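Dear colleague,

Please find below the structure that I am handing over to you. A summary of the findings follows it.

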Amino acid sequence: MSVLVYTESDNGTFKKVALEVASYGKAVADQLGTTLTAVTINAKDTSILGNHGVDKVLNVTNSKLETFNANAYAEVIKQAAEKEGTKVIIVSSSADSKYLAPLLAVGLNAGYASNVVEAPSSTSPFTVKRTAFTNKAFNITSIDTDVKLIGLSKNAFGLKEHSASATVEDFSPSIPDNGVHVDAVDKVTGKVTIADAEIVVSGGRGLKGPENWGMLEELAQVLGAATACSKPVSDLGWRPHSEHVGQTGKPVASNLYIAIGISGAIQHLAGINASKVKVVINTDPEAPFFKAADYGVVGDAFEVVPKLTEKLKAFKAQQ
Amino acid sequence: MKILVCISHVPDTTSKINFTEGDTKFDSNGVQFVINPNDEFGLTRAMWFKEKQGANVTVANVGGPETEPTLRKALAIGADAAIRVNTAANDGFQVANELAQVVNDGGYDLVIAGRESIDYNGGMVPGMLAALTNANFVANCIGLEIDGTNANAVREIDGGKETVSTTLPLVIAGQKGLVEESDLRIPNMRGIMMARQKPLTVLEPKGAAEETSSVKFEKPVPKGAVTLVSPDNLDELVNLLHNEAKVI
């Protein structure tokens with residue numbers, strides 16, 4: 001009957017979203033008066049899960065699961081849910097979890113609500129709040145099936161600490177043959193990804209050319225931020241497509257989003273407005289982004305950005 | 001090769017989002033509806049398969065009669081036939097079930113859907129459809145080649161991309177990258193005229209039950225006005241981000 005969370009890891013280390021789903025799972029388990037179980041796949045050290053409310057870890061280690069495969073991973077979680085007799089399963093909104101969740105939902109006959117931002121407002125009926133209309137509204141949704149699947153939005157519920165330790169049990173589910181084979185993975189290493197970043201520094205056409213991205217990268221480096229760009233910038237080939245954020249690009253839900261030389265077209269805002277705090281730097285005080293931002297600087301990016309980088313360097317040195 | 005492209009009929013991005021009937025229904029008054037952008041990338045890729053590999057392309061939508069102009073637009077862009085399943089579905093599971101019936105009856109080799117619709121953002125129909133029809137599934141698909149019954153796809157992952165190989169029958173959840181924005185087609189007059197002659201079949205739903213239901217909608221709390229900081233006083237910005245916003 002316990003609540004089950006899938007706590008995903010990257011090279012054996014838990015992602016931040018894994019600890020977010022654990023924190024959220026603990027809140028749901030408390031509401032239902034039950035315990036929290038986490039299923040992990042090829043994680044190296046599971047001790048941190050207890051600190052976020054997990055009572056029991058089902059630890060899966062299998063070389064067949066070294067590269068992510070949605071079908072196989074969904075099957076592992078399904079078997080964990082069946083073993084535990086789970087009625088509520090929670091996954092994150094990472095690209096991998098969003099890939100496997102619909103497969104898992106069908107496998108378990110579970111109603112699935114994605115992009116959930118808060119703990120259930122009621123557990124009978126089981127009612128959650130999720131984002132809709134690309135963050136322009138919320139939809140209160142009830143999940144009416146016996147087994148329920150929740151996809152938790154990134155950076156929405158936060159991390160909650162609990163001082164407890166989890167029992168660990170080795171779990172060996174059967175792994176199905178895969179119909180989709182990964183031939184090659186091309187992943188940037190040593191750089192903060194937009195998906196994982198707490199802070200994102202993003203540039204638009206106002207930067208005038210790809211040769212001017214150096215100052216933006218320097219600012220990102222000082223902040224430990226990921227770099228991103230607007231659609232015109234990726235369409236012009238100034239920056240790779242993988243950096244394009246917005247409605248048709250990558251979604252951003254960071255703590256801080258700094259937009260430099262981006263006017264703030266509605267398609268851009270749709271992709272980034274899940275970020276908590278937005279700063280805009282733009283020469284044009286009429287730029288629509290100022291209406292969406294928390295803090296704004298009306299000024300020339302070529303002067304403001306290097307100065308801001310210096311100020312932040314000094315600030316970081318003091319910390 | 002028979003391709004089914006799933007078309008969601010969604011409010012244009014620039015639409016004002018309002019609700020009626022005690023915040024339980026989307027207010028479509030004055031709203032311009034379009035082909036879901038993620039689906040449009042997929043439709044355009046399907047046109048490539050049609051022109052280069054002789055594929056037959058059908059588009060499908062689950063919705064009421066008001067969605068037909070969106071299907072006609074897809075026909076004008078070049079799809080051969082359209083199917084509308086005549087029901088206003090309540091959740092993604094219901095849509096996936098109705099589409100599964102279409103796929104099973106039509107014997108499609110490849111189903112192209114978008115990674116999510118820009119209205120409800122559920123992101124679940126393609127994966128559920130794959131599971132319900134026992135097809136292989138590639139999400140966040142940004143490249144696709146088909147050779148016989150073999151498929152090679154490129155998939156966007158957090159922090160990069162991966163190349164995968166699989167076989168038909170296949171469902172993909174596509175997005176920008178499948179084709180470029182500049183490849184998208186605007187229907188021309190000849191396409192629009194031809195679309196009128198193309199079959200648009202209306203099917204009655206098989207009546208799958210929903211698993212989730214919408215209780216009501218809420219709008220976000222209006223945001224306060226922006227705090228402007230002078231470019232000559234950036235210490236203040238650092239101070240605000242640290243002490244007020246607490247994000248650095």
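Helix α3 (residues 95-108) of chain A packs against helix α4 (residues 125-132) of chain B at an angle of about 45°, with the axes 7 Å apart. Here helices are DSSP runs of H or I with at least four residues, strands are runs of E with at least two, and both are numbered from the N terminus. Axes are lines fitted to C-alpha atoms, for helices over the stretch in contact, and angles run from 0 to 180 degrees between N-to-C directions.

This is a predicted model, in which local features need pLDDT of at least 70 and side-chain atom pairs count only at pLDDT 80 or more, while totals for chains, interfaces and linings use all residues. Residues are numbered from 1 along each chain as its sequence is written, and chains are lettered from A and ligands numbered from 1 in the order in which they are written.

Ala184(A) is part of strand β13 (residues 181-187) of chain A. Ala184(A) counts as exposed because it has 10 C-beta neighbours inside 10 Å (exposed: 12 or fewer other C-beta atoms within 10 Å; buried: 20 or more; partly exposed: in between; C-beta atoms are placed from the backbone). The C-alpha atoms of Ala184(A) and Ser122(A) are separated by 44 Å, and the two residues are 62 apart along the chain.

Chain A is divided into domain 1 (3-170) and domain 2 (199-318), with bounds from an automatic or database domain assignment. The C-alpha centres of these two domains of chain A lie 32 Å apart.

Yours sincerely
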